[in-house]
Amino acid sequence: MKLAHSNHNKEDNESSRESRFRRNGIYLLPNLLTTSALFAGFYAIIAAMSGRFEIASVVILIAIVFDGLDGRVARLTNTESNFGAHYDSLSDMVSFGVAPAIVLFEWSLSSFGKVGWLTVFIYTASVALRLARFNSAEDKADNGFFSGLPSPAGAAALAAFVWFCESFGFSSFAWQVTGLLGVGMVAALMVSELRFYSFKNFDLQGKVPFVAILSIVLIFVLISIEPPLILLFASSVYAFSGPVDKILTLFREKS
């Protein structure tokens with residue numbers, strides 16, 4: 001009996017060590033994707049400082065793609081770790097906090113002086129607070145929803161706006177004011193308690209009907225027609241989905 005108990009404890013200790021290694025280990029594939037997102041965000045800053053705002057906006061959107069892939073790849077390959085989670089947050093801070101702020105400031109908000117740089121600072125601080133709230137385990141997706149606008153979605157809306165304005169030559173004072181107000185609005189949505197759909201309930205490993213694949217193809221075709229316009233529309237719809245959901249909830253409660 002003592003030998004069996006000893007073997008059982010040994011197996012538990014080995015399992016515990018393996019679990020700690022998995023939580024704290026460094027895995028190549030998901031962290032390579034996170035590094036790609038970080039590089040894209042850093043390159044967006046360099047491009048914005050060089051006046052290449054369209055490229056800077058597109059690169060931020062590319063960073064969002066990499067950011068969405070790293071977590072899913074880690075879950076699918078069972079390579080999630082504490083290191084990867086913290087590294088992902090630091091990458092998000094650069095790519096979705098600092099980069100969009102610099103892009104918007106260099107694009108037009110610098111013309112507003114102190115108001116301009118304070119506005120983008122508020123946005124950057126809101127991203128930091130949003131990430132800190134999420135990492136504190138108080139803001140995990142609950143029933144498929146996030147509390148507050150996710151930072152990648154906020155960055156997508158701002159990047160798509162700059163790309164849209166650059167593509168169509170919209171650089172008047174009215175569009176600059178719109179950008180200033182948009183930055184403030186996105187910052188407020190990120191630190192709010194509004195619900196936003198997380199899209200984490202999609203099963204990438206399960207079977208899907210043929211119409212789902214056809215829908216994906218149609219989405220890519222639609223985006224290819226006018227990428228900045230379609231992406232701005234899609235990101236704006238998602239950003240406003242939180243306030244709309246809150247209004248509908250209040251309306252149902254009063255009815």
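Mentor: Along the sequence, the protein follows the pattern α-α-α-α-α-β-α-α-β-α-α. That comes to 9 helices and 2 strands. Keep in mind that this is a predicted model.

Trainee: How much of the protein counts as buried?

Mentor: Of its 255 residues, 37% do. As for contacts between residues at least 6 apart in sequence, 82% join residues at least 24 apart.

Trainee: OK, let's do salt bridges. How many does the structure hold?

Mentor: There are 2. In one of them, the side chains of arginine 133 and glutamate 193 meet at 3.3 Å, N to O.

Trainee: What makes that pair a tie between separate parts of the chain?

Mentor: Arginine 133 sits in helix 5, while glutamate 193 is in the loop between helix 7 and strand 2, so the bridge ties together parts that are 60 residues apart in sequence.

Trainee: And why is the contact between arginine 133 and glutamate 193 called a salt bridge?

Mentor: The cut-off is 4 Å between a side-chain nitrogen of Lys or Arg and a carboxyl oxygen of Asp or Glu. Here the N to O distance is 3.3 Å, so the arginine–glutamate pair qualifies.

Trainee: Are the two partners buried or exposed?

Mentor: One of each. Arginine 133 has 17% relative accessibility and therefore counts as buried, the limit being under 20%. Glutamate 193 has 62%, and exposed means over 50%, so glutamate 193 is exposed.

Trainee: What else does glutamate 193 touch?

Mentor: Leaving aside neighbours within four places in sequence, glutamate 193 is in contact with Arg133, Ser147 and Gly148. Its side chain also makes a polar contact with the side chain of serine 147, at 3.1 Å. Phenylalanine 146 is 47 residues from glutamate 193 in sequence, yet the C-alpha atoms are 8.8 Å apart.

Trainee: Gly148 again: which side chain has a polar atom 3.2 Å from the backbone oxygen of glycine 148?

Mentor: That of arginine 130, a residue in helix 5 (residues 114-138). At 4% relative accessibility, against a limit of under 20%, arginine 130 counts as buried.

Trainee: Where is the salt bridge of arginine 195 and aspartate 245 placed in the chain?

Mentor: First the geometry: the side chains of arginine 195 and aspartate 245 meet at 3.3 Å, N to O. The pair links distant parts of the chain, with arginine 195 in strand 2 and aspartate 245 in helix 9, 50 residues apart. Arginine 195 is at 39% relative accessibility, between 20% and 50%, so it counts as partly exposed.

Trainee: On to rings. How many aromatic pairs does a search of the whole structure find?

Mentor: It finds 13.

Trainee: Why is the pair of phenylalanine 196 and tyrosine 238 called tilted?

Mentor: The ring centres are 5.7 Å apart and the planes meet at 50°. Stacked needs under 30 degrees and edge-to-face over 60, so an angle of 50° leaves tilted. Phenylalanine 196 is in strand 2 (residues 195-197) and tyrosine 238 in helix 9 (residues 227-254), so the pair ties together parts that are 42 residues apart in sequence. Phenylalanine 196 is buried at 0% relative accessible area, and tyrosine 238 also counts as buried, at 16%.

Trainee: Which residues do ring pairs link into a cluster?

Mentor: Trp107, Phe161, Phe164, Phe168, Phe170 and Trp175.

Trainee: What makes isoleucine 213 partly exposed?

Mentor: Its relative accessibility is 44%, which falls between 20% and 50%, so that is the label. Isoleucine 213 is found in helix 8 (residues 210-225). Together with Ile216, Val217, Phe220, Val221, Leu222 and Ile225, Ile213 forms a nonpolar surface patch with about 670 Å² of accessible area.

Trainee: How do you know that serine 89 is buried?

Mentor: Its relative accessible area is 11%, and buried means under 20%, so serine 89 qualifies. The residue lies in helix 4 (residues 82-107) and touches Leu131 and Asn135, not counting residues up to four places away in sequence.

Trainee: Last one: what is phi of asparagine 78?

Mentor: Phi is near 55°, a positive value in a residue other than glycine. Most residues other than glycine have a negative phi. Asparagine 78 lies in the loop between helix 3 (53-76) and helix 4, and at 46% relative accessibility asparagine 78 counts as partly exposed.

Terms used:
Residues are numbered from 1 along each chain as its sequence is written. This is a predicted model: local features need pLDDT of at least 70, side-chain atom pairs count only at pLDDT 80 or more; totals for chains, interfaces and linings use all residues. Side-chain values use heavy atoms; hydrogens and water are left out. Patches are made of residues with over 30% relative accessible area and no salt bridge: like charges are joined within 9 Å, nonpolar side chains (Val, Leu, Ile, Met, Phe, Trp, Tyr) within 5 Å. Accessible areas come from the Shrake-Rupley method with a 1.4 Å probe; for residues, only the protein chains shown count as cover. Helices (H or I, at least four residues) and strands (E, at least two) are DSSP runs, numbered from the N terminus. Buried means under 20% relative accessible area, exposed over 50%, partly exposed in between (1.4 Å probe, protein chains only). Contact means heavy atoms within 4.5 Å. A polar contact is a pair of N or O atoms within 3.5 Å; within protein, one must be able to donate a hydrogen and the other to accept it, and residues adjacent in sequence count only if both atoms are side-chain atoms. Rings of Phe, Tyr and Trp (its six-membered ring) pair if their centres lie within 6.5 Å; planes under 30 degrees apart count as stacked, over 60 as edge-to-face and the rest as tilted.
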